[in-house]
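Dear colleague,

Please find below the structure that I am handing over to you.

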Amino acid sequence: MPTTLTVGLGNYEKQIFNTECVEFIMIFKQSTTSLNFNFRSFRRPTTAVSRSPTQYYKVLQGKECIIFLKQDTFCEKLKDALVADFLVQTQILNGADNRSEENVAYTIVLSGSQLPKVTQAYDALDLLLTTSLQIKFVDKNIGTIEIEIFIFVTLLIIYMAGFWVCKPEAAHIIQAYANQANLTCHCDASEYVGLKIYYFSSAMVSLKSLCTTEVIINDIITHKFLSTMIQIPKSLTIESANKYVNKLETFSVQSCHKNTARILLIKQEDHLLIFGLADAVKQLIAENEKIKQDLSIGQAKHDLTDYQIDFLLGLYQNELKQLEVQNEDLQIFDGIKNGYFTSPGKMHDIIKEELHRMAGNTRQSQFSIEDVRFGSIAATEEKKLMQIGLNHKCLLKMKLESIEKNYPAPISCLGKGTAELIPAAMSIDIRVGDLALQSVDMVVVCSTSQFLLDDILQKAGANVKENVGAAMSSGRITKAGYETTGGELLCNRLFFLPWITDKVDDITLRQTIQTFFTTAMHHALNTGKTSIAFPALGCGALKCDPNMIAEIILDETQRYANYNLKILIVLLPNKNENYRAFCVKLAELRQKTLKRNPTRFSYQYKTIKLTLTGLEENLKECWKVIQDYIDQCVLTEECDDFPLHTWNQSTIDSFYRYCLERQVLPEVNTIGDRFKLSGPKEQVKMTQIEFYRLKSIKAEEARIASYARIAVWLFEIEDRVFKKYSLKLNALIETASANGNELVSFRNDHDEECKILLKDRLEIFGERKRRVIRRDFHLPPNWIAQADNVVRCVLKVNDSEYTTVLEEFNKTMSGKYTQIQIERIQNQRWYMAYKAYKHFFKHKDTEQSLFHGCPESSADMIIHSCFNRSFAGVNGVAFGVGVYFSTKASYSDSYTRVSPNTNGRCMFLAKVLVGKSTLGNSQMKTAPTGYDSTTDNKIIYVTYHDDQAYAAYLISYMRLDN
């Protein structure tokens, strides 16, 4: 119970709950005792006037009752009570308004028709405003409750249940309730004393409507109001905690009745202090639980399927992020795949509804794409397909199923006899050494390799260095290449070509190497080169996989090795791993090509499984658009008849490899030889261009070769010394002559713009003029008829030609072998080139039959491509860097090797134009001036011109010591 002080009749009544209240009462008692205070003096103020029908009751300044007289409501109730009890009219005048004495605060004018009534009213008023006026004190420390104490450990929490006592706002709330209850009182609160409630005691006989009892006051304080503390949930973020408090404050404001506050809410650091009308506080507590639940962050389960979740994350990711931005405490992405999301409780149902709105009606369907043309590019087109899905509000997932199948190339109908057994790889050789020292028609230089470029230019001499430097400065060294003279090098020409020097992926690496070699090969063929040397790209600073580099380079060079072109791949010293990889790959190519079975390529057939997730109507439309897009990406193109009768097997295999590397499927209808290409659209178009390009090259090669078999054109390089034109120029000149043209213009191997006056047989370049001659040649009469350029004819034992060769062989090999076979080599082009060279050779009478031993694989290459000086030095260069021959078969036998196929050996008996010969040494790259060959002055001869010898016979035998 609160402390109560009753003032009146000279006594007081007290109930003490704490020392502070006791001290206040004792001070009050002492002060009134020392002053001989007489409570009775309040009954009649010294300013009272004589009794009359109108009397004036004056209230002096400082009287407690003034707080009531300031209230209009009280004044009206007082007037009504005086009228009701005494039939007296009342007028209450403010001291300032009626100009009364200085110390008079209010003057109450009582008027009535009966003097006794006015007097009774006066007495009753005096009793009311003096003796009856009571003050109830409610101490601010009342009701202190110790909730939880953890001394020296955590926190001391003391809940001050009476916190509201000293709050003016609480006094206003109590006052508002009293006014509403028509209870006359005045509530006031101060920080030092606490709450004071002024009221009029019900001991009054009259004016009862203005009086109350302490019991009623206590009942109001005890039962009508409630104070409590609400802990702010620790799980809330600062933002959420502020929202939490704001919502409670808003609710407390909304609970006001007629703009009268019903609740006092005070925010502390981690809790709220609440005071107010009991029902309002209880409502606030209930609202607190609801708000706390709404704002408390927790996990809520959703019932979306896995594919619906994927659909949301794929198509509505931005919308979900926006939801999280708009609702700070919402977290969707962290747990949605595990079946939940995190948000304030009030948002659980809202978020569930939103998620179902986005994905609730989605369906999942599966589709298959079995078009093999699209399978090869499906992986690269996946993003585009996914975008099509997004455009139609569908989520697309793709799965590739790959099956490796063997894809056979068709068998060529061209020369299915022995001629077709020769692999193109036989024209390729691998060498470790210096690219600058290769004696070939053309050396290819990677112009973007600074180390290689500087080395070549330094060794080629100042003129070449200046020429190439100017070309680089003017931008003439492009992707088409740049050719110049060999300068001081052994090669005739240099061809500068750029290539990437940065690390790239395997696919790009393969494409760039193919482009580099293809460009150089085309240039060599178009300019009549017969031998070419390449650097082994990728084996230097890039440190690419040796096996992959060997495969790429050799596969590409093999495509061109059949075009009467000898190819040399030069590796840097100390590249042992790269050298082994090239040797293994080259041996593999040679062995594979020797087989007559169809070449089989592996091809990845891919089936695409698409999973679409979306609304039913969107799925159908999306699938239709995807099918249309696939049709735009692929192409099947019919070409001319496939040249089974004009392409050899190596060319066919090479073209098929080209197709399949680009994921293009070639298909030949063997009945009508119709040919079509199927695959990705751009790759099909590229492959079609390559098909017609290759077909044109082969046709041109055949045309050129046919002219070379008819006649040879030569130009005079010195008095009565002639040199033949390249095969390409030979065909050009022969065509012009056959057409009756008088003039033919061309660019020769030295970039000279020349013209030939055919009637005058004269070549002109600037001021230079030189003779031109044409020679027809006839094949030997003992040769059998042949449709192909090369035929190997096995001689019969009783044939005189067989006997002649055998006798020569037996001069030094008799008794050293058990089995023997002799073949005549009929290479029309080579023979005519040899005859042409012999025709203009000064020392025709020096032709000798000499032996040349070699491995079986080299023999096959020589038969088709002659003795190639590009490969000189394989077995030594003691007497010069050229092709070695011997007068003794036994000496050449030491350079043969046992064949892994036949367990035999082989050597040539060749016709060699020895000419004038001199002692050779290892430094000689060509025969000295005035000489045609070099020798050991015993049994060895070395030649330096490809047409200086012709392999007339191949002797195959098995040695006794095998």
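Helix 10 (residues 306–315) packs against helix 12 (residues 348–359) at an angle of about 90 degrees, and their axes are 10 Å apart. Angles of 65 to 115 degrees count as roughly perpendicular, so helix 10 is roughly perpendicular to helix 12. On the side of helix 10, the contact is made by Gln 308, Phe 311 and Leu 312, and on the side of helix 12 by Leu 355, Met 358 and Ala 359. By class, this contact of helix 10 with helix 12 has five nonpolar residues, one polar residue and no charged residues. Please note that the model is a predicted one, and that the values in this message are accordingly computed from a prediction.

For orientation, the protein has 962 residues, of which 49% count as buried. The protein contains 27 helices and 41 strands. Among contacts between residues at least 6 apart in sequence, 71% join residues at least 24 apart.

Two further helix pairs deserve a description. Two packed helices are described by the angle between their axes and by the distance between those axes.

The pair formed by helix 14 (residues 378–391) and helix 20 (residues 616–633) packs at an angle of about 150 degrees, with the axes 9 Å apart. Because angles over 145 degrees count as roughly antiparallel, helix 14 and helix 20 are described as roughly antiparallel to each other. Helix 14 passes helix 20 in a right-handed crossing. From helix 14, the residues that make the contact are Glu 381, Lys 384, Leu 385, Ile 388 and Gly 389; from helix 20, they are Cys 622, Val 625, Ile 626, Tyr 629 and Cys 633. Divided by class, the residues of the contact of helix 14 with helix 20 are seven nonpolar, one polar and two charged.

The other pair consists of helix 3 (residues 72–86) and helix 5 (residues 115–129), which pack at an angle of about 140 degrees with their axes 10 Å apart. Helix 3 and helix 5 are therefore oblique to each other. The crossing in which helix 3 passes helix 5 is right-handed. Helix 3 contributes Phe 74, Leu 78, Leu 82, Asp 85 and Phe 86, and these meet Lys 117, Gln 120, Ala 121, Ala 124, Leu 125, Leu 128 and Leu 129 in helix 5. The contact of helix 3 with helix 5 has nine nonpolar, one polar and two charged residues.

The loop between helix 3 and strand 3 (89–94) holds Leu 87. Phi of Leu 87 is near 55 degrees, which is a positive value in a residue other than glycine. With a relative accessibility of 60%, Leu 87 counts as exposed. A positive phi in a residue other than glycine is also found at Gln 663, where the value is near 60 degrees. Gln 663 lies in the loop between helix 21 (649–661) and strand 25 (665–669). The relative accessible area of Gln 663 is 26%, so Gln 663 is partly exposed.

Leaving aside residues up to four places away in sequence, Phe 582 touches Ile 430, Ala 536, Cys 539, Ile 549, Ala 550, Ile 553, Leu 554, Ile 569 and Leu 571.

Ala 460 belongs to helix 15 (residues 450–460), and Ala 460 is buried, with a relative accessible area of 3%. Not counting residues up to four places away in sequence, Ala 460 touches Gly 486, Gly 487, Glu 488, Leu 489 and Leu 494. Ala 460 and Thr 485 are 25 residues apart in sequence, and their C-alpha atoms are 8.9 Å apart in space.

Ile 428 is found in strand 17 (residues 428–432). Ile 428 has a relative accessibility of 0% and so counts as buried. In sequence, Ile 428 and Lys 566 are 138 residues apart, whereas from C-alpha to C-alpha they are 6.2 Å apart in space.

With kind regards

Definitions and conventions
Residues are numbered from 1 along each chain as its sequence is written. This is a predicted model: local features need pLDDT of at least 70, side-chain atom pairs count only at pLDDT 80 or more; totals for chains, interfaces and linings use all residues. Side-chain values use heavy atoms; hydrogens and water are left out. Contact means heavy atoms within 4.5 Å. Axes are lines fitted to C-alpha atoms, for helices over the stretch in contact, and angles run from 0 to 180 degrees between N-to-C directions. Helices (H or I, at least four residues) and strands (E, at least two) are DSSP runs, numbered from the N terminus. Angles under 35 degrees count as roughly parallel, over 145 as roughly antiparallel, 65 to 115 as roughly perpendicular and the rest as oblique. A crossing is left-handed if the near helix is turned anticlockwise from the far one by less than a right angle, and right-handed if clockwise. Ala, Val, Leu, Ile, Met, Phe, Trp, Tyr, Cys and Pro count as nonpolar, Asp, Glu, Lys and Arg as charged, and the others, Gly among them, as polar. Buried means under 20% relative accessible area, exposed over 50%, partly exposed in between (1.4 Å probe, protein chains only).
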